[in-house]
Amino acid sequence: MTIRLGRRQFLLGSSALAAAAAAGISPAFAQSALRLLFWGGQDRADRTYAVSDMFSESSGVEMAPEFLSWSDYWPKLATQTAGGNAPDIVQMDYRYIVEYATRNAIAPLDEFVGGALKLDNFDPDQLEGGKVGGELYGISLGANSVATLVNTDAFAEVGIDAPTNAWTYDDIMEMAEAFNSANIRGGMKVMSDGSYTEPMLHNWLRQRGKELYTPDGQLAFDEDDAIEWYTLWAKLREAGAIVSAEDQALDSGPLETTMIVLGKSALMPSNSNQLVAYQTLVQDDLNMIGYPRIAEGVGGGHYRKPSMFFSVGGSSANKEAAAEFLNFFISDPEAAKVLGVERGIPCLPSTREVVAPTLDEKGQIALNFVANLGDLLGALPPPPPPSAGEIDASLIRTLGQEVGFGAKSPEQAGRDLVSGAKDILSRS
Amino acid sequence: MSVQHSSRATTTVVDGPVSRGSLWSRFWQNDAPGYLFLLPWLIGFFGLTVGPMVTSFYLSFTDFDLLTSPDWVGTDNYVRMLTNDPKFWTSMRVTMFFVVFSVPLKLCFALAVAMLLNRGIRGLPLYRALFYLPSLLGASVAIAILWRQIFSGDGLVNQVLALVGIQGPSWISNPNYSLWTLIVLSIWQFGSPMIIFLAGLRQIPSDMYEAASLDGASKWRQFVKITLPLLTPVVFFNAIIQTIEAFKSFTPAFIISGGTGNPINSTLFYTLYLYQEAFGFFRMGYASALAWVLLALVGLFTAFSFLTSKYWVHYDE
């Protein structure tokens, strides 16, 4: 539609037109500040906002941080990236970094290393975790590991010792007998149903010397593994050792809906950096141990995962300033005190030294757990292929439930997992 | 407005050869101010509705993934949907089940309440407002969360059942019942069809009922022979609106299942699957194709309703 202004008739409406035009172009003006987008809860946001204020004060660079929940974060980031309006700094996950890097949605940072980014002494495995195709795309904000949360008060109530890092899958059955005969708190079970927790399957496979995915993004386990996995959990379920499928299905993602917060189980798979968050939701005292071993003395299932990265937007006009912010975020002592171990264990030794004395009891537990994994620790797995998220959401979670509700046999689920995953991998 | 203007323009052409310039000047003088005042709506309509629709139609023939530029893949998305995507059929089945049960039940309930309220009780405006309230709250996040609490294992429903000695399941997380909790939630939002039914009932002349009762017709007979036939235009209207709403239903399933459609995909509404494909797995092209299939489906349903309406909808003419 062509509109020529200047005609007398149009003067009437010109103010409306101007308003509409202004509304249309206004976002273009809001670009000067360094935009930071991250996922997390209020606690993380408070800490992050405080640190970005500190950075603004010391550097004079204006910051515009914004946060969302995990599930809202990825649609927003993808939409903004598609619209050519990506933030300057984005929080990145191990699962998505390859996808974003290979599409140039985030920028390589190698040119800033040694300059704006000082990474001497940075934990080598955490540095490696941020690389894609040999180039550095993400700065790890902390290391964490999978971990099992332990409700120690519940174990005291039942009258048995809480498990330690030495515990095995067989122990679940034994502890369950004690729990079921004690029948505390309206039938609390010893363990939640971990059969559709992807990290738990991954950990179990790694203890068998396998992986979820090969470095070139193919499936790295077979039907026999998958069938054995579902059979293992089916036995626990039939024996009443773990929570019922119906209870487990109440877990829809948010921490508040999980089995340990609902008081339905005393053990639950989680991550080391989440102990602090869970403790605020549970009255009982929580502790943290590794995932169960497949047999006594077998380790190597765990790894120090970069809990999350900061990356620089591929289209950012302020990459240098963004790199300076990243450096401030990981190394400034005052910033370190504010951030604590909320995003995992800091990767610079100097930062760790500053943080360690300031931590509360739960923070200490997290720090010590990740530092002392011992023989549980194995090598860093290759980054998962882009469709790993889909395999998790539409196969691993659903199939576990189907076995749980008796809609599929463990054998059927095992076969479906492998064939379905291969199908999804071949499509992408 | 546009119809009048175009007819005037035609007249101008018939009058004789008109130069481009004078057509323009006529446009400026006569039509332009009208369009100017329409401009806010036009900008919204073309910028926010037509533009995205055309784009999404184009994208439905591509492999657009939000991050890289789209490549043309022809009808691949549609072919895959119909031949090689079990989740498409799962979600279609869930949505169909929801539509087929929630719409008639909701309409019956709304009509029943409207009939009760139409008996000239005191404080009608108050009751009307109270019953309408759920419709205002219905699609909200807060209600979906409340629903989770009511229908969970130790929720309100099971506490009431426990009083009569029944141990209820966890309705919300049991694949046999989870969809029904969403249907109940939908029925609970009967307010807006109820208001429309109430208005419809008020339109029926009371002398018809008087005549019928003089002839000895029972209440039931009066309902079947007078109320229902005269109410059919309203029933028709409500049915179409509610069917479209049911097809589009998204928020409750999204909140209650945490966006997963679980347990075992039993609440995987079509719209939820579409959302997962678009924003979970970044298959915007495929999701666009899903959206167009949904539009076509809703269009078909509506067209079918209109075609059959002449056999059962009675307009008082």
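Predicted model: local features only at pLDDT ≥ 70, side-chain atom pairs only at ≥ 80, totals over all residues.
Let's start with chain A. It has 18 helices and 14 strands. Its radius of gyration is 24 Å, close to the 22 Å that the globule rule gives for 428 residues, so chain A is as compact as a globular protein of that length. Along its principal axes, the C-alpha trace spans about 85 × 50 × 40 Å. Of the 428 residues in chain A, 46% count as buried. In chain A, 74% of them join residues 24 or more positions apart.

Next, chain B. Here we have 14 helices and zero strands. Of its 317 residues, 28% count as buried. For contacts in chain B at least 6 apart in sequence, 69% join residues at least 24 apart.

Chain B also carries a database annotation. An unreviewed UniProt entry places the feature "transmembrane region" at several spans of chain B, including 94–117 and 287–307. What does the model show there? Residues 94–117 of chain B are 100% helix, with end C-alpha atoms 34 Å apart. Residues 287–307 of chain B are also 100% helix, and their end C-alpha atoms lie 30 Å apart.

On to domains. Chain B is divided into domain 1, residues 2–59, and domain 2, residues 77–312. Their C-alpha centres lie 40 Å apart.

Where they touch, domain 1 of chain A gives 21 residues and domain 2 of chain A gives 16 residues. On the domain 1 side, α4 (97–102), α5 (124–129) and α16 of chain A each supply at least two residues. Which helix gives the most to that side? It is α16(A), with six residues. By class, the domain 1 side divides into eight nonpolar, six polar and seven charged residues.

Stay with α16 for a moment. This helix covers residues 361–371 of chain A, and I365(A), A366(A), L367(A), F369(A) and V370(A) are buried in it. What covers them? The cover includes β8 (143–144), β9 (146–151), α12 (275–279) and β12 (286–289) of chain A.

Now pick out L149(A). Leaving aside residues up to four places away in sequence, L149(A) touches I260(A), L267(A), M268(A), S270(A), L275(A), Y278(A), L286(A) and M288(A).

How do the two chains meet? In this model, 34 residues of chain A are in contact with 31 residues of chain B. On the chain A side, α1 (8–25), α3 (70–82), α10 (245–248) and α17 (388–404) each supply at least two residues. The largest share, eight residues, comes from α17(A). By class, that side of chain A has 16 nonpolar, 11 polar and seven charged residues.

Last, some backbone detail. Most residues other than glycine have a negative phi. Here are two with a positive one. R185(A) is not a glycine, yet its phi is about 50°. This residue sits in the loop between α7 (169–182) and β10 (189–191) of chain A. F282(B) also has a positive phi, near 60°. F282(B) lies in the loop between α13 (270–280) and α14 (284–312) of chain B.

Are these two buried or partly exposed? F282(B) is buried, because it has 26 other C-beta atoms within 10 Å.

Key:
Residues numbered from 1 in each chain as written. Chains lettered and ligands numbered in written order. Helix = DSSP H or I, 4+ residues; strand = E, 2+ residues; numbered from the N terminus. Rg over C-alpha atoms; globule rule 2.2 N^0.38 Å. Buried ≥ 20, exposed ≤ 12 C-beta atoms within 10 Å, placed from the backbone. Contact = placed C-beta atoms within 7 Å. UniProt positions renumbered as here; feature names shortened; annotations may be inferred. Nonpolar A, V, L, I, M, F, W, Y, C, P; charged D, E, K, R; others polar. Domains from an automatic or database assignment.
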